[in-house]
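Biologist: Please put up the sequence and the structure, and then let us go through the aromatic residues and a helix.

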Amino acid sequence: MEKGFLNVMEEVISTLVNVFMMSPDYQTFCHCAKCRNDIIALSLNNLPSHYVTTEEGRNRVFEYLNREENLKWINKKIIQAIHIVGKYPKHDG
């Protein structure tokens, strides 16, 4: 933890967005860094943050967020963000 604190939700969302964007279901969506970052930001704005200050805390929260019921809820927010950004991209082209 470089800064002394970490939002574990940010770590989880970043990883899951990368997984979703590699999926065949989302190949028609833009994969540029701007769209990917917009998807991550929009997802994070719609989910609670989970800040920790220790590696032990990070591991505990990471386990909690990766439970099936939590992943369903997180994935739903990511999918919504992918569709919103896909419909209203903020880049040229």
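Modeller: The structure holds three aromatic pairs, a pair being rings of Phe, Tyr or Trp (its six-membered ring) with centres within 6.5 Å. This is a predicted model, in which local features need pLDDT of at least 70, side-chain atom pairs count only at pLDDT 80 or more, and totals for chains, interfaces and linings use all residues. Residues are numbered from 1 along each chain as its sequence is written, and side-chain values use heavy atoms, with hydrogens and water left out.

Biologist: Which kind of pair do the rings of F20 and Y26 form?

Modeller: Planes under 30 degrees apart count as stacked, over 60 as edge-to-face and the rest as tilted. The centres of F20 and Y26 are 5.7 Å apart and the planes stand at 75°, so the pair is edge-to-face.

Biologist: And which kind do Y26 and F29 form?

Modeller: Ring pairs link F20, Y26 and F29 into a cluster. For Y26 and F29 the centres are also 5.7 Å apart. Their planes meet at 45°, so this pair is tilted.

Biologist: Is F29 buried or exposed?

Modeller: Buried means under 20% relative accessible area, exposed over 50%, and partly exposed in between (1.4 Å probe, protein chains only). The relative accessible area of F29 is 17%, so F29 is buried.

Biologist: Which residue caps the N-terminal end of α1?

Modeller: Helix α1 covers residues 8-22, helices being DSSP runs of H or I with at least four residues. A side-chain oxygen lies 3.1 Å from the backbone nitrogen of M9, and the capping residue is N7.

Note on methods. Helix = DSSP H or I, 4+ residues; strand = E, 2+ residues; numbered from the N terminus. Expected span 1.5 Å × (residues − 1). Polar contact = N/O pair within 3.5 Å; in protein donor to acceptor, adjacent residues only side chain to side chain.
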